[in-house]
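Here is a short briefing for a reader who is new to this structure. Please look over the sequence and the model before reading on.

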Amino acid sequence: MQRQVALIKQSLFDQKIIIRTQMEKYMQGYLDEQFVELEELQDDANPNFVEEVATLYFKDSARLISNIEQALERGSFDFNRLDNYMHQFKGSSTSIGASKVKTECTMFREYCRVGNAEGCLRTFKQLKKEHATLRKKLEQYFQASK
Amino acid sequence: MAGEVPNLEASKLTALVVDDNFVNQSVHHKLLDRLGIKNDVVSNGQEAVDVHCSGRNYDLILMDMDMPIMNGIQATRRLREMGIESKIAGVTTRAEEEEVKEFMEAGLNDFQEKPLTISKLVSILHNLELYVQT
């Protein structure tokens with residue numbers, strides 16, 4: 001049992017080095033190890049798995065961004081609601097390995113925790129910027145990978 | 001790309017993914033698929049309870065904590081009250097001691113912090129003694 005687990009880990013490590021090199025060439029810190037994990041799940045049965053997950057992520061995150069924008073436009077900051085939205089956003093971003101977006105989510109939630117509206121607005125602006133850049137980079141990455 | 005990941009298809013293990021996030025659903029489903037574990041996906045704790053009420057049973061349940069309608073803690077408690085003895089592993093981004101404690105006390109057998117990976121999933125199977133030799 002332990003030997004099997006050790007074999008899995010070694011094999012995953014070797015694969016990761018190859019995938020990570022390719023990824024870093026394009027993503028420059030926008031994605032972390034989790035993205036490499038997703039790439040490793042790709043196989044002949046699901047050759048576009050990562051792109052499909054990325055599509056799901058951007059669909060989900062677009063919805064959350066829209067919800068947060070609407071909540072912020074109302075003027076009266078419902079920090080609980082905003083924190084809820086951002087918790088979901090952070091969850092998705094973590095699962096896909098979107099490290100810079102995840103960092104902004106964390107910061108936004110901190111501002112929610114202390115009730116800092118200006119901090120929320122500032123961080124949200126940065127988050128949208130990082131999110132847009134990530135989207136562009138992933139499009140290029142998937143294009144180059146074909 | 002598949003590497004030396006063990007295939008547990010012969011063991012006939014089954015699993016249920018309980019998570020409201022579509023990205024997580026997709027990833028967790030695929031992780032289990034990769035290990036040859038047949039699995040279903042539901043979007044919240046209430047659906048997890050409902051699927052068991054309909055007579056389905058699973059060896060492993062991957063339970064998210066924060067979900068609408070019925071969260072992971074409530075769902076875990078409810079499933080245990082129903083006499084469901086499946087192994088339940090909590091999988092969540094929340095990792096503060098108090099939150100994990102409450103989740104564990106609801107009836108979890110194991111807990112892993114998201115994001116879930118093959119290594120973490122194998123670890124869950126190992127901890128829960130679901131890793132059947134094939």
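Which residue is the bridge partner of V17(B) in strand 3 of chain B? The partner is L62(B). This is a predicted model.

**Strand 1 of chain B and its neighbours**

- Strand 1 of chain B covers residues 14–18. Of its 5 residues, 4 are buried, so the strand is largely enclosed by the rest of the structure.
- Strand 1 pairs with strand 2 of chain B, residues 38–42. The pairing is parallel and runs over 5 bridges.
- A15(B) stands opposite N39(B) of strand 2. L16(B) stands opposite D40(B) of strand 2. V17(B) stands opposite V41(B) of strand 2.
- Strand 1 also pairs with strand 3 of chain B, residues 60–63. Here too the sense is parallel, over 4 bridges.

**Chain B as a whole**

- Chain B has 5 helices and 5 strands.
- Along the sequence, these elements follow the pattern β-α-β-α-β-α-β-α-β-α.
- The chain has 134 residues, and 54% of them are buried.

**Backbone details in chain B**

- K114(B) and P115(B) are joined by a cis peptide bond. Its omega is about 5 degrees.
- Where does P115(B) lie? P115(B) sits in the loop between strand 5 and helix 5 of chain B, and that helix covers residues 118–127.
- I69(B) is not a glycine, yet its phi is positive, at about 70 degrees. The residue belongs to the loop between strand 3 and helix 3 of chain B, with helix 3 at residues 72–81.
- Is I69(B) buried or exposed? I69(B) counts as exposed, because its relative accessibility is 70% and the cut-off for exposed is over 50%.
- E129(B) also has a positive phi, near 55 degrees, and is a residue other than glycine. E129(B) is found in the segment after helix 5 of chain B.
- The relative accessible area of E129(B) is 71%, so this residue is exposed.

**The largest pocket**

- The largest pocket has a volume of about 340 Å³.
- The pocket is lined by 16 residues. Closest to its centre are K90(A), R109(A), E110(A), R94(B) and E96(B). Residues of chain A and of chain B are both named in that group.
- Which elements give two or more residues to the lining? They are helix 4 (79–96) and helix 5 (99–114) of chain A.
- By class, the lining has 9 charged, 4 polar and 3 nonpolar residues.

**One residue in chain A**

- V101(A) lies in helix 5 of chain A.
- V101(A) has a relative accessible area of 1%, so it is buried; the cut-off for buried is under 20%.
- V101(A) and L41(A) are 60 residues apart in sequence. In space, their C-alpha atoms are 22 Å apart.

Technical notes: Residues numbered from 1 in each chain as written. Chains lettered and ligands numbered in written order. Predicted model: local features only at pLDDT ≥ 70, side-chain atom pairs only at ≥ 80, totals over all residues. Heavy atoms only, no water. Buried < 20%, exposed > 50% of the residue type's maximum accessible area, 1.4 Å probe, protein only. Pairing = 2+ DSSP bridges. 1 Å grid on protein atoms, 1.4 Å probe; cavity = no way out; pocket = protein on both sides within 12 Å on 5 of 7 lines; lining within 4 Å. Points joined across faces, edges and corners; volume = space filled by probe spheres on them. Nonpolar A, V, L, I, M, F, W, Y, C, P; charged D, E, K, R; others polar.
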